[in-house]
Amino acid sequence: VVPAAVQQRREALGQHLVLYHGLSVAAAKGSAERPWLQCETCKGEGVVWEVHGEAIQQQVWNALGQCGLLAGFPTSWPLRLLTWDEMQLEACRIAHVKKSAGASGLTRRVLLPLTGLPHVEWVGVLRGLSADYMAMLLAHELTHAYLFLTGFDVLNMGVIVEEGLCELVCYLYMQLPQHKAHPKFRFWCWQFVHGEDSVYRRGFAAAWESYTYFVSVFGKDLALSLLLDYVKAHNKLPKRSDTIHGLGLPSP
């Protein structure tokens with residue numbers, strides 16, 4: 001019988017190899033059968049305990065304040081570190097589908113039964129990811145929570161708009177001065193622009209176009225907050241073809 005701690009370590013290492021190093025599931029499983037093996041660069045980085053994950057979430061929470069998000073929220077939400085199987089099961093439950101496309105992060109959002117008020121039950125990411133990769137995912141997931149709790153019509157805005165905004169904030173998080181020179185963050189930023197086609201990449205491209213448009217008109221300090229105000233009011237991303245008057249925003 002494999003001890004529970006060893007099995008947990010195997011699962012964490014297998015997920016790390018698949019998601020961070022791009023190994024096939026079969027290759028990662030083979031490597032994870034020898035859980036003492038891991039690349040020298042990432043040895044010891046796999047986050048397997050909630051207390052470590054919560055510290056990372058708090059760091060991301062604080063950093064997002066530099067992007068103008070999460071102001072007025074006194075605390076973060078419960079964090080769950082899930083195995084691969086647990087994550088896919090929860091993804092199917094949330095999306096009401098039979099098979100998950102391979103989720104690595106989730107935000108459990110509900111409307112409270114008596115009041116109908118929006119509520120975030122928990123934010124979840126895969127157990128065993130490196131701290132940097134987990135931070136990147138949490139920047140994305142915390143934005144999902146923020147949009148839901150601050151009155152955005154997430155049920156009707158469309159997946160491209162919502163995922164695009166979450167990817168945009170994640171990108172801006174990685175572009176903060178304390179992260180910009182980090183080689184991992186530089187690589188992931190490159191992937192945001194040049195990675196394989198997906199709803200996330202298409203959403204980011206649309207959100208980035210809107211954001212850079214607002215930067216050119218209103219300046220970097222106001223661009224994100226005004227962009228969010230526009231999406232909240234119109235449930236869509238503005239395009240460069242829109243006039244300033246048509247945006248319903250103050251003139252620069």
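**A hairpin and its charged contacts**

Tutor: Leu111 stands opposite Pro118, a residue of strand E3. The model is predicted, so local features need pLDDT of at least 70 and side-chain atom pairs count only at pLDDT 80 or more, while totals for chains, interfaces and linings use all residues. Residues are numbered from 1 along each chain as its sequence is written, and side-chain values use heavy atoms, with hydrogens and water left out.

Leu111 belongs to E2 (residues 105–111), and E3 covers residues 118–126. Helices (H or I, at least four residues) and strands (E, at least two) are DSSP runs, numbered from the N terminus. E2 and E3 run antiparallel and are joined by seven bridges; two strands pair if DSSP finds at least two bridges between them. Six residues separate the two strands of this hairpin, and in its turn Gly116 has a positive phi of about 75°.

E2 also takes part in a charged contact. Arg109 forms a salt bridge with Glu162, their closest N and O atoms lying 2.7 Å apart; the term denotes a side-chain nitrogen of Lys or Arg within 4 Å of a carboxyl oxygen of Asp or Glu. Because Arg109 is in E2 and Glu162 in helix H6 (residues 159–174), the pair ties together parts that are 53 residues apart in sequence. Glu162 is buried, at 8% relative accessibility, whereas Arg109 is partly exposed at 25%. Here, buried means under 20% relative accessible area, exposed over 50%, and partly exposed in between (1.4 Å probe, protein chains only).

Elsewhere in the structure, which holds six salt bridges, the side chains of Glu90 and Arg80 meet in one at 3.6 Å, N to O. This pair links distant parts of the chain, 10 residues apart: Glu90 is in helix H4 (residues 84–95) and Arg80 in strand E1 (residues 79–82). Glu90 counts as buried, with 12% relative accessibility, while Arg80 is partly exposed, with a relative accessible area of 30%. The side chain of Glu90 also meets that of Arg93 in a salt bridge of 3.4 Å, N to O. Glu90 and Arg93 are three residues apart in helix H4, so about one helical turn separates them.
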